[in-house]
Amino acid sequence: MKMKHARPLIRTAFTLLESALATIIIGVGVLAIMGLFDACTRQNAQGAQATTAMMLAGHIQELMEGLPFCDPVKGASTFGPETGETLTIYNDIDDFDNQTFSPPIDSTRTAVASLSQYSQVVTVVPVYPNQPSSNTNEAIPEIPKTAYTGAVRVRVKVLYRAHPTDLPREVYRAQWIRLDH
């Protein structure tokens, strides 16, 4: 009599252990991807904030570009806005000293209401023309604001607050030296 050979068993499904291991591996991968996605989203948001802040600082610089160094009527005797002057009639660089614009303004002095979570803080301080790094401590200035030196440093800080109840945080700072012609 002939013997029949037993056929080997061929498995066609995963075991419970193999399924559990595959689920764990895929789960760890998905969690890692989600973490990466979250980090990329935050970085993208910070980049967008920095880009907007740079644009807002540039608006202030562009706005000041055509303005005279000192008041056309009173000269250098007054530092800061003259009595009765408002943003619409600021007529020289130092009128912008210690001004905060919230919502921020563009280079035409128009408020940008769609960016109301940002604000621009402008300071103007005299510096020595041959020492642009002078007078850097705003709390204890070495040159009084009323002193005419022929040069000023304009600093624009752009602040951001995600919600109206949040404290504003600085997202960008720009400064430049303006010389009297």
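Q: Which residues does Thr-123 touch, not counting residues up to four places away in sequence?
A: In this predicted model, Thr-123 is found in strand β2, which runs over residues 118-126. Its relative accessibility is 10%, and because buried means under 20%, Thr-123 counts as buried. Leaving out residues up to four places away in sequence, the residues that Thr-123 touches are Asp-97, Asn-98, Glu-138, Arg-153, Val-154 and Arg-155.

Q: How far apart are the end C-alpha atoms of helix α1?
A: Helix α1 covers residues 16-64, and at 1.5 Å a residue its 49 residues should span 72 Å. The separation of the end C-alpha atoms agrees with this expectation, being 72 Å.

Q: Which element supplies the largest share of the largest nonpolar core?
A: The largest nonpolar core has 28 residues, and those touching the most other members are Ile-60, Met-64, Phe-96, Val-122, Val-154 and Val-158. At least two residues of this core come from each of α1, β2, β3 and β4. The largest share, 6 residues, is supplied by α1.

Q: What covers the buried residues of α1?
A: The buried residues of α1 are Gln-49, Thr-52, Ala-53, Leu-56, Ala-57, His-59, Ile-60, Leu-63 and Met-64. One of them, Ile-60, touches Phe-101, Ile-105, Gln-120, Val-122, Val-156 and Trp-176 when residues up to four places away in sequence are not counted. The cover over the buried residues of α1 includes β1, β2, β3 and β4.

Q: Is Ile-26 buried or exposed?
A: Ile-26 has its place in helix α1, and together with Val-30 and Met-34 it forms a nonpolar patch on the surface, with about 300 Å² of accessible area in total. Because the relative accessible area of Ile-26 is 57%, this residue is exposed.

Q: Which residue meets Arg-42 in a salt bridge?
A: An α-helix has 3.6 residues a turn, so residues three or four places apart point the same way. Arg-42 is partly exposed at 48% relative accessible area, and its side chain meets, at 3.1 Å from N to O, that of Asp-38.

Q: How many residues apart in sequence are the parts that Asp-97 and Lys-145 tie together?
A: The side chains of Asp-97 and Lys-145 meet in a salt bridge, at 2.6 Å from N to O. Asp-97 lies in the loop between α1 and β1, whereas Lys-145 lies in the loop between β2 and β3, so the parts that this pair ties together are separated in sequence by 48 residues.

Methods: Residues numbered from 1 in each chain as written. Predicted model: local features only at pLDDT ≥ 70, side-chain atom pairs only at ≥ 80, totals over all residues. Heavy atoms only, no water. Helix = DSSP H or I, 4+ residues; strand = E, 2+ residues; numbered from the N terminus. Buried < 20%, exposed > 50% of the residue type's maximum accessible area, 1.4 Å probe, protein only. Contact = heavy atoms within 4.5 Å. Expected span 1.5 Å × (residues − 1). Core = buried A, V, L, I, M, F, W, Y, C linked by side-chain atoms within 4.5 Å. Patch = residues over 30% accessible without salt bridge, like charges linked within 9 Å, V, L, I, M, F, W, Y side chains within 5 Å. Areas by Shrake-Rupley, 256 points an atom, 1.4 Å probe, with all protein chains shown as cover. Salt bridge = Lys/Arg side-chain N within 4 Å of Asp/Glu carboxyl O.
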